[in-house]
Amino acid sequence: MRLLASITLPFVAVGVLPGAMATGSPSSSASNPIQAENANSGTDPAAWLPPHFTPTSIQGYASEVSALPGETVHFHVDTNEGYRYRIEVYRLGWYGGQGARLLTCLPNCSGDRAGPGFGPPQIDAVTDVLRAGWPVTDTLSVPTTWVSGYYYALLRVTSGGDDTGARGSIPFIVRDAPTRHSQVLVQVPVNTWQAYNPWGGKSLYPFNSTDLAPAVRVSFDRPLAFTAQGPFDWEYNLVRFLEREGYDLSYQTNVETDLRRESLLEHRLVIVAGHDEYWTKRTRDAFGAARALGTNLAFANSNVAYWQIRYEDGGRTIVGYKEAAPDPEPNAALRTVRFRHLDPARPECGLQGVMFYRIREHQTGPVDYTVTDAATSDPWFAGTGFTPGNKVLDVVGNEWDSRPEAPVPPQCVKPGLVTLFHFEGQPSNADAVRYTAQSGARIFAGGAQQLSWSLDPFNTGRFGRTLPADARLQQFMRNVLADLIRPAAPKTLEATVDGRRVTLTIHRHPDPRVRSFTIVRHRGASLFAFDGPGVARVCQTTALACVNRRVPKGTYRYAVVAEDQWGRSLPTISRKVVVRRPP
C-alpha cells in the first residue's frame with residue numbers, strides 16, 4: 001500500500017545561492033594560454049609606445065587584418081627616400097604592467113633595410129576607391145606558438161636624419177587555431193578604424209575628407225593616418241584589464257565574424273571591444289543567432305552596430321553610403337544606412353538594450369556615471385563598495401548610449417532589464433544595463449565611451465585625463481565577467497515523488513555547448529550552496545532526467561547546474577520535496 005500518491009513538484013531557478021558566484025578573477029590549477037603568455041617579461045613602454053601624431057616619414061599597412069598561427073602576414077612599408085628602417089613585432093597585453101612583449105624583428109633586431117619610396121595613392125577608375133597600392137616589402141610567418149591577441153608591427157626609422165627614431169605602426173590580430181575554443185572571444189572593431197581613416201584624403205566622414213566630401217568606399221589597403229581610430233583609443237585599456245585578470249581569451253575582427261558567423265557559438269562570452277560602430281548584416285545576424293542559443297554578450301563601449309556596411313573585394317573594401325548619396329544596392333536589407341532605418345528596422349537596442357542618440361559636440365569636461373538603486377541587492381555589485389548615488393568619474397565620454405526614448409521600438413522592450421549606472425543630462429541620458437534573453441543569455445551594455453579607461457588608465461594622459469583606475473568598477477567588471485562566462489542555469493526541474501523514488505526532469509535552454517547536467521540533494525527546507533556541507537550528489541547526466549532511488553524519509557531541496565567545456569552555470573534550486581515513506 002502506498003502511503004503517498006505520485007506527486008509532481010516544479011523546480012525554479014532562484015538566482016545566486018550563498019557562495020555560488022565567484023567575485024574574483026579566473027583561477028585554475030592549469031593556466032590558460034593568456035595567463036602563460038603574460039607571465040613572460042614585457043618591454044618598457046618607452047621602447048614601443050606609438051606617438052600621438054602618426055608620422056608620414058614611415059608608414060605602412062598589411063594585406064591581412066588578421067592571421068592564424070602558421071599563416072603569413074604581408075607588410076607594405078613606405079619611407080622617405082634614403083631612409084632605413086626595421087620592423088619590430090610586439091604582442092599587446094599586460095606583462096606585469098609593461099603592456100607589450102617584443103617577439104621578433106624584420107630583418108632582425110639589430111639590423112635594418114633600405115626603405116622604399118612609393119608614389120601617390122591609386123584611385124580605382126570605376127569605384128573611386130583610394131588604395132596605397134604598394135608592393136609587399138616584408139613578410140612575417142606567424143609561429144604556431146604565438147598566442148591569440150592584438151599584435152603591433154612597429155616601423156622604426158633607424159637612419160633618416162632628423163627623422164631617425166620615428167615610429168609608424170601596423171596593428172593586426174592573431175587568431176586562435178580553429179581547434180581551440182576559448183571561453184571568451186573579443187571582437188576587434190577594424191571596420192571603425194578604416195571608416196575614420198583619412199589616409200590619402202578620404203574617409204567615410206566629411207570632417208577629415210578633402211573638400212569635406214566623404215568617400216562611399218574605403219580600403220584596408222592603406223596606412224592608418226592621424227584621426228583614424230585604432231587599438232590605442234579605447235580597446236587597448238580593456239585588453240590590459242582582461243589579460244591582467246587572466247581570462248581565457250581569443251581575438252578576431254569584424255571581418256572574421258562576417259565570414260564565419262558560427263564562430264561566436266564556439267565561446268561562452270563574446271566581448272565587443274572599443275568603438276565598434278560599423279557592422280555588416282551578417283555580423284548583426286551572427287550576434288542575434290548567438291544570443292538565441294545562449295551566448296552571453298558584453299558591449300564594453302558605446303555607439304556599437306550603428307551603421308550597416310557591406311564588404312567588397314574579399315573583405316578589403318568597406319562600402320558605406322550613409323548620408324552622402326542614396327545607396328544603389330537593390331536589396332533593401334543590405335543598404336548602408338543606420339540599422340534603425342532599415343526596413344524592417346533593426347535598432348541597436350534590439351540587441352544591446354541601449355542605443356546611441358546624440359553626440360556631445362564642441363563641449364569639454366567630464367561626464368560621470370551615477371550608481372543606481374540596483375547596487376543595494378544586485379550580485380554584480382557584491383564587494384565593490386558601490387552604494388546608490390556613488391559616482392564613477394569621467395567614464396561616459398563624449399559619445400554614449402541610453403535606454404530607448406519614447407516611443408520605444410517593440411524589439412527593444414526587454415522584460416527584467418536592469419539599469420546599473422545612469423547619467424541624467426544633455427544632449428541625452430546615458431545608461432549601462434543588463435537584460436536576460438529568452439535563451440538565458442545575459443547581455444551587458446556599458447553605454448560609456450570611456451569605460452575601459454576607468455578599468456586601466458594607461459597612457460590616457462595624452463587625452464588630458466589624470467584619474468587612476470576605479471577599484472570599485474574593476475570589481476564590478478570582475479563580477480560581471482564571473483557571471484557571463486557561465487552558461488545559463490536550467491529553466492526548471494520537475495520532481496515526481498513515488499514512495500522513496502524521486503524522478504527529476506530537467507527543462508533546459510537551447511544551447512549546443514551544454515554537455516551535461518549535475519543534480520545534488522540537500523536535507524532540509526533551507527537554501528544551500530551547491531558545493532556546501534551536507535550536499536549529496538544525485539547524478540551527472542547528458543539526458544534530461546534521472547532518478548534518485550531509496551531516498552530516506554525527510555524534507556529536501558534539489559539543485560541542478562548546466563555544464564559546458566569551460567565551467568558550469570549557477571544552480572537552479574528546487575522548492576522543498578517531502579518524502580514520507582519510511583526507509
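**Figure 1. L212 in the loop between α3 and β14.** L212 lies in the loop between α3 and β14 (217-219), where helices (H or I, at least four residues) and strands (E, at least two) are DSSP runs, numbered from the N terminus. Although L212 is not a glycine, its phi is positive, at about 55°. With a relative accessibility of 61%, L212 counts as exposed; here buried means under 20% relative accessible area, exposed over 50%, and partly exposed in between (1.4 Å probe, protein chains only). The model is predicted, so local features need pLDDT of at least 70 and side-chain atom pairs count only at pLDDT 80 or more, while totals for chains, interfaces and linings use all residues. Residues are numbered from 1 along each chain as its sequence is written, and side-chain values use heavy atoms, with hydrogens and water left out.

**Figure 2. The whole protein.** The protein has nine helices and 35 strands, and the C-alpha trace spans about 100 × 55 × 45 Å along its principal axes. For 583 residues a compact globule would have a radius of gyration near 25 Å, and the 26 Å of the protein agrees with this; the radius is taken over C-alpha atoms, and the globule rule is 2.2 Å times the number of residues to the power 0.38. Of the 583 residues, 58% count as buried. The accessible surface comes to about 23000 Å², of which 52% belongs to carbon and sulfur atoms, as computed by the Shrake-Rupley method with a 1.4 Å probe, where for residues only the protein chains shown count as cover. Among contacts with a separation of 6 or more, 74% come from residues 24 or more positions apart, a contact being heavy atoms within 4.5 Å.

**Figure 3. T192 in helix α3.** T192 has its place in helix α3 (residues 190-195), and with 1% relative accessibility T192 counts as buried. When its neighbours within four places in sequence are left aside, T192 is in contact with Q229, H275, D276, E277 and Y278.

**Figure 4. Helix α4 and the glycine that follows.** Helix α4 (residues 235-245) is mostly covered, ten of its eleven residues being buried. Among these buried residues are Y236, L238, V239, F241 and L242, and also E235, R240 and E243. Just after α4, G246 takes a positive phi of about 85°.

**Figure 5. Strand β2 and its partner β4.** All five of the five residues of strand β2 (residues 58-62) are buried, so the strand is largely enclosed by the rest of the structure. I58, G60 and A62 point one way from β2, whereas Q59 and Y61 point the other way, and all are buried. Strand β2 pairs with strand β4 (residues 72-79) in the antiparallel sense over five bridges, two strands being paired if DSSP finds at least two bridges between them. Within this pair, Y61 stands opposite H76 in β4.

**Figure 6. An open sheet of nine strands.** The nine strands follow the order β15-β13-β16-β18-β27-β26-β25-β22-β23, and their pairing is mixed. The edge strands are β15 (249-253) and β23 (391-392), each of which pairs on one side only. Inside the sheet, strand β26 (residues 430-436) and strand β27 (residues 442-445) run antiparallel and are joined by four bridges, with Y435 standing opposite I443 in β27.

**Figure 7. D394 in the loop between β23 and β24.** D394 has its place in the loop between β23 and β24, and its phi is near 50°, a positive value in a residue other than glycine. With a relative accessible area of 17%, D394 is buried.

Figure 8. The peptide bond from D343 to P344 is cis, with omega near 5°, and P344 is found in the loop between β20 (317-319) and α7 (349-352). A cis peptide bond also joins A406 and P407, where omega is about -5°; P407 lies in the loop between β24 (401-402) and β25 (418-423).

Figure 9. C412 is placed in the loop between β24 and β25, and with 5% relative accessibility C412 counts as buried. Although C412 and Q352 are 60 residues apart along the chain, their C-alpha atoms are separated by 8.5 Å. Leaving aside its neighbours within four places in sequence, C412 is in contact with P347, C349, G350 and P404.
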